[in-house]
Amino acid sequence: MWQASNNDPRPANRRQLYNWVLATGNRFVYNTGMKTTLAAVAQKLAARLVGDGGVEVENVASIGSAGSGDLVFAEDDAALAKALDCGATAVIAGEFATGKTPKPLLIVPHPKLAFARVARLLCPPQSFEPGIHSSAVVEDSARLGRHVAIEPGVVIGEKAVIGDRTRIGAGSVIGPEVRMGSECNIAPHVTIYAGVRLGNRVFVHSGAVLGSDGFGYVRDPATGRYEKFPQIGGLEIGDDVEIGANTTVDRGALDLTVIGRGTKLDNLVHVGHNVRIGEDVVIAAQTGFSGSITVENGAVIGGQVGIGDHARIEQGVILGSQCGVLPKKTVRGPGVVFWGTPARPLRQYLKELAVLARLGRKGST
């Protein structure tokens with residue numbers, strides 16, 4: 001266990017140590033300490049203010065770690081009681097928070113959503129100084145926009161286009177003829193293959209690989225050997241997409257792989273060739289997409305989901321964790337939760353489990 005020493009600047013108190021780790025580590029990722037009044041926050045959120053709007057807040061925190069100057073949120077009465085008893089300066093809550101309280105409140109329809117928006121205000125992502133590091137290799141034919149930040153060890157290929165106010169993190173490789181919009185954030189050690197297209201405000205986390213060859217082979221029945229099918233298509237990523245660490249997205253075989261506007265991919269997701277994912281889709285970690293899958297707008301896909309080739313996930317479908325969708329199947333039903341392998345509606349899945357449990361009990365008697 002770590003012990004404080006006389007020369008160590010870290011605090012000895014466990015709570016102070018926790019807050020110190022958050023403050024010192026996160027300052028390289030997010031700006032903190034952006035003080036503002038609660039009245040100003042209420043105006044930004046169009047929230048109803050209860051209490052003193054002149055108090056200052058400068059950070060967001062969990063209820064368990066909050067201290068003076070922090071803002072927390074509560075989504076129900078039980079959480080509200082804990083929030084009012086913690087060290088936070090103010091609380092974001094719903095209409096259920098009525099009457100006099102010991103802390104100022106911001107009343108909004110959706111407390112967690114409002115909290116996320118406040119976090120962007122109080123803890124915006126770290127800004128990056130524009131400029132090209134001396135160790136970066138940028139081809140003469142590449143076009144860089146205004147106020148771009150090119151960090152150490154970056155390689156930018158021929159005829160690549162980098163939009164205004166975009167950051168390319170240390171050690172990243174941007175292939176020839178990549179086109180990237182404005183205000184993108186490419187974290188360290190990302191590889192973007194030749195010809196990939198990215199929209200504006202795309203955030204790609206470390207270790208991601210975009211535009212690699214898909215897994216496509218044709219077997220020669222005479223020899224039993226596999227020959228590579230052409231992987232000469234493209235990859236297009238829309239505006240406001242976020243791609244998690246160590247995620248891989250293949251280019252199309254003959255056509256395009258497409259990730260639609262506003263879609264969010266977690267860490268360790270694999271997207272095969274010719275997959276078309278719509279807008280505002282969320283995909284949790286360790287999910288795998290075979291080739292030529294279509295996912296329509298607003299779908300929610302849990303962790304460790306596996307989807308077979310040429311399947312179709314229709315608009316608004318929710319696939320629970322570890323679902324399996326068989327090749328060429330269509331899953332439909334906005335807002336319907338599917339579970340199990342093969343994926344079926346959760347209610348049906350639970351009925352089947354109950355039947356199996358009863359059969360198991362009969363078999364043991």
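**Entry 1: helix α5 and its surface**

I located Leu350 in helix α5, which covers residues 346–363. Helices here are DSSP runs of H or I with at least four residues, strands are runs of E with at least two, and both are numbered from the N terminus. The model is predicted, so I note that local features need pLDDT of at least 70 and side-chain atom pairs count only at pLDDT 80 or more, while totals for chains, interfaces and linings use all residues. Residues are numbered from 1 along each chain as its sequence is written, and side-chain values use heavy atoms, with hydrogens and water left out.

I then looked up the accessibility of Leu350: it is partly exposed, because its relative accessibility is 46% (buried means under 20% relative accessible area, exposed over 50%, partly exposed in between, with a 1.4 Å probe and protein chains only).

**Entry 2: the open sheet**

I traced an open sheet of 12 strands with mixed pairing, in the order β8-β11-β14-β17-β20-β25-β28-β31-β34-β37-β40-β41. Its edge strands, each pairing on one side only, are β8 (131–132) and β41 (344–345). Two strands pair if DSSP finds at least two bridges between them.

Strand β17 (residues 185–186) runs parallel to strand β20 (residues 203–204), and two bridges join them. Asn185 has Phe203 in β20 as its bridge partner.

**Entry 3: aromatic pairs**

I searched the whole structure and recorded two aromatic pairs (rings of Phe, Tyr and Trp, the last by its six-membered ring, pair if their centres lie within 6.5 Å; planes under 30 degrees apart count as stacked, over 60 as edge-to-face and the rest as tilted).

The pair of Phe73 and Phe115 is tilted, because the ring planes stand at 45°, with the centres 4.8 Å apart. This pair links distant parts of the chain, 42 residues apart: Phe73 is in strand β5 (residues 70–73) and Phe115 in helix α4 (residues 111–122). Phe73 is partly exposed at 23% relative accessibility, whereas Phe115 is buried at 13%.

The pair of Phe215 and Tyr217 is edge-to-face, because the planes stand at 70°, with the ring centres 5.2 Å apart. Phe215 is exposed at 71% relative accessible area, and Tyr217 is partly exposed at 42%.

**Entry 4: cysteines**

A disulfide is a covalent bond between the sulfur atoms of two cysteines. With the cut-off of two cysteine sulfur atoms within 2.5 Å, I counted zero disulfides.
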